[in-house]
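Student: Please take one part of this model, the pairing of its strands, and go through it closely. Then follow the account on to the ligand surroundings, giving each cut-off where its term comes up.

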Amino acid sequence: MNFLFISNADKRDAWRDAMLERFPGSGFYTYPDLDLDKSIIDYAIVWKPPTGELASYPNLKGILSLGAGVDGLLVDSELPRNVPLVRLVDRCLTEGMSEYVLYWALHHHRRFDVYGMWRQDKIWKNLRQIDTRDRKVGILGLGVLGGDAARKLKTFHFDVAGWSRTKKNIDGVTSYFGADQMAAFLARTEILVCLLPLTNDTRGIVDAKLLAGLPEDAVFINCARGDHVVDADLIRALDGGHIRHAVLDVFHTEPLPADNPFWTHPKVTVTQHMASLTVPTSASEWMAENIKLIEAGKPPLNTVDLNRGY
Ligand code: NAP
Ligand code: GLV
């Protein structure tokens with residue numbers, strides 16, 4: 001079996017080791033490889049391949065995304081439509097994301113931001129503590145990642161709701177769905193987490209109207225994609241005081257340019273698209289499972305619906 005790897009060079013060795021351990025004797029090739037006979041490649045393991053590249057491998061049996069989000073693949077207008085595109089669903093990726101969400105939800109629920117500032121000025125004071133059961137967290141996107149984060153927030157007794165395209169049944173989590181229920185979802189949400197896929201329907205969804213629908217003093221955590229947010233609207237909502245703080249892991253341009261105002265905005269915490277990173281030793285298990293299904297002539301798990309965009 002032969003693999004093609006298209007991603008950052010610093011990730012190559014770990015992926016080669018992980019895949020060759022699962023498929024001993026296979027070939028592992030890294031893009032760009034000018035001497036490569038493209039017809040030998042069976043599976044492409046990819047993150048943001050150049051437009052048209054995947055279409056030039058005539059015998060591809062599967063495209064395995066290195067990320068849960070496949071927006072970086074779907075922008076390829078020549079992406080082969082007859083080859084299954086499998087997005088990443090992985091234990092480590094899911095757990096890492098829930099850790100990130102839980103960390104920042106707890107941080108803002110317990111106001112460690114304020115205590116941190118007071119500590120710098122040697123101020124000894126307390127704020128009123130809010131019962132976690134009275135703290136309302138809302139998650140945009142209640143899929144693999146949003147669903148896990150919702151369950152874990154629940155174990156900490158937060159009042160959790162999610163908004164998705166279709167209704168969900170997660171124990172103790174209120175499900176809002178569809179455009180009609182967005183306003184009610186927002187009105188009850190004090191800490192809003194975005195875990196939507198980036199599609200034509202969700203691009204720019206976090207705009208002035210959405211932010212105004214949140215209660216005064218709400219916190220926004222974006223760990224999905226930068227393009228979900230209209231940055232100017234978010235900055236206006238922060239400056240105007242309606243949004244208390246934004247934790248942003250993802251941006252329109254990455255790496256975030258040094259002159260981007262988010263870096264220094266006092267009401268913004270920037271993280272470096274690290275909310276959850278792909279761990280090759282774990283994620284390769286998912287890839288192996290899917291490769292075995294395809295080799296057995298069966299449909300792989302978590303195939304992307306190319307029309308829906310996720
Ligand atoms: P997923 O399982 O496909 O879940 C997507 C959720 O969004 C589903 O609940 C879906 O609703 C909902 N949704 C999609 N379009 C919608 C719409 N137009 N209106 C309402 N709801 C909509 O995806 P996932 O694995 O949880 O991943 C989510 C995203 O997280 C990825 O696409 C990626 O962008 C991001 N991510 C970021 C990082 C990071 O480090 N920052 C790491 C991993 C992933 P239905 O179920 O009803 O269809
Ligand atoms: C990371 O952003 C992913 O989509 O997995």
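**From strand pairing to ligand shells**

Tutor: Gly 27, in strand 2, is the bridge partner of Asn 2; strands here are DSSP runs of E with at least two residues, helices are runs of H or I with at least four, and both are numbered from the N terminus. This is a predicted model, in which local features need pLDDT of at least 70 and side-chain atom pairs count only at pLDDT 80 or more, whereas totals for chains, interfaces and linings use all residues. Residues are numbered from 1 along each chain as its sequence is written, chains are lettered from A and ligands numbered from 1 in the order in which they are written, and side-chain values use heavy atoms, with hydrogens and water left out.

Strand 1 (residues 2-6) runs parallel to strand 2, and four bridges connect them, where pairing requires that DSSP finds at least two bridges between the strands. Both belong to an open sheet of five strands, in the order 2-1-3-4-5 and with parallel pairing. Strand 2 (27-30) and strand 5 (85-86) are at its edges with a single partner strand each, so one side of each has no neighbour in the sheet. Across strand 1, strand 2 and strand 3 (43-46) lies helix 1 (residues 12-22), at about 160 degrees to strand 2; contact means heavy atoms within 4.5 Å, and angles, from 0 to 180 degrees, are taken between N-to-C directions of lines fitted to C-alpha atoms, for helices over the stretch in contact.

A further open sheet has seven strands in the order 8-7-6-9-10-11-12, and its pairing is parallel. Strand 7 (residues 159-164) and strand 8 run parallel and are joined by four bridges, with Trp 163 standing opposite Tyr 176 in strand 8. Helix 3 (residues 91-109) packs on this sheet, where it touches strand 9 (191-194), strand 10 (218-222), strand 11 (243-248) and strand 12, and its direction makes about 155 degrees with that of strand 11.

Ligand 1 is surrounded by 28 residues, the closest being Arg 87, Thr 166, Lys 168, Asp 249 and Tyr 310, a residue being near if one of its heavy atoms lies within 4 Å. A nitrogen atom of ligand 1 lies 2.8 Å from a polar side-chain atom of Asp 249, and an oxygen atom of ligand 1 lies 3.1 Å from a backbone N or O atom of Ser 276. Of the 950 Å² of accessible area that ligand 1 has on its own, the protein covers 93%, by the Shrake-Rupley method with a 1.4 Å probe. Helix 5 (144-155) and strand 7 are the elements that give two or more residues to this shell.

Trp 47, Gly 67, Ala 68, Gly 69, Arg 225 and His 273 surround ligand 2. Oxygen atoms of ligand 2 come within 2.7 Å of a polar backbone atom of Ala 68 and 2.6 Å of a polar side-chain atom of His 273. The protein covers 86% of the 190 Å² of accessible area that ligand 2 has on its own.

Terms used
A polar contact is a pair of N or O atoms within 3.5 Å; within protein, one must be able to donate a hydrogen and the other to accept it, and residues adjacent in sequence count only if both atoms are side-chain atoms.
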